Amino acid sequence: MTKPAVARRHLPSSPFKPPVTRPPKQFAIGDRVTHDEYGLGRVIGLEDEIAVLVDFGSLQARIMSPYGKLAKL
């Protein structure tokens, strides 16, 4: 089963609670992070809420928001 491309909107008349929206992850230069594919790294650049530049030692990667595979240590 696949996930829908667009999130369903919540109707005010619905008897169900609206989905919980989590705040976006915030990173700062120098933060230690881990990525599911690249491993351990350090944040070396920020692009507002769009992307972060991370140095993983062997490569530098630009990780786009919403940072699903990136976690702060």
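**View 1. Proline 12 counts as exposed, at 81% relative accessibility.** In this predicted model, the threshold for an exposed residue is a relative accessible area over 50%, so proline 12, with its 81%, falls into that class. Proline 12 lies in the segment that comes before strand S1, which covers residues 32-35. Although 17 residues separate proline 12 from isoleucine 29 in sequence, the C-alpha atoms of these two residues are 41 Å apart in space.

**View 2. Histidine 35 is a buried residue of strand S1.** Its relative accessible area is 8%, and because buried means under 20%, histidine 35 belongs to the buried class. The side chain of histidine 35 reaches two backbone nitrogens, that of glutamate 37 at 3.0 Å and that of tyrosine 38 at 3.4 Å. When neighbours within four places in sequence are left aside, histidine 35 is in contact with Phe56, Ile63, Lys69 and Leu70.

**View 3. Five strands form an open sheet with antiparallel pairing.** The order of the strands across this sheet is S4-S3-S2-S1-S5. Strand S4 (60-64) and strand S5 (70-72) are the edge strands, each of them pairing on one side only. On average, and with direction ignored, neighbouring strands of the sheet are turned by 40° against each other.

**View 4. Strands S2 and S3 run antiparallel within the model.** Strand S2, made up of residues 39-47, is joined to strand S3, made up of residues 51-55, by 5 bridges. In this pairing, valine 43 stands opposite valine 54 of S3.

How values were computed. Residues numbered from 1 in each chain as written. Predicted model: local features only at pLDDT ≥ 70, side-chain atom pairs only at ≥ 80, totals over all residues. Heavy atoms only, no water. Helix = DSSP H or I, 4+ residues; strand = E, 2+ residues; numbered from the N terminus. Buried < 20%, exposed > 50% of the residue type's maximum accessible area, 1.4 Å probe, protein only. Polar contact = N/O pair within 3.5 Å; in protein donor to acceptor, adjacent residues only side chain to side chain. Contact = heavy atoms within 4.5 Å. Pairing = 2+ DSSP bridges. Axes fitted to C-alpha atoms, helices over the stretch in contact; angles between N-to-C directions.
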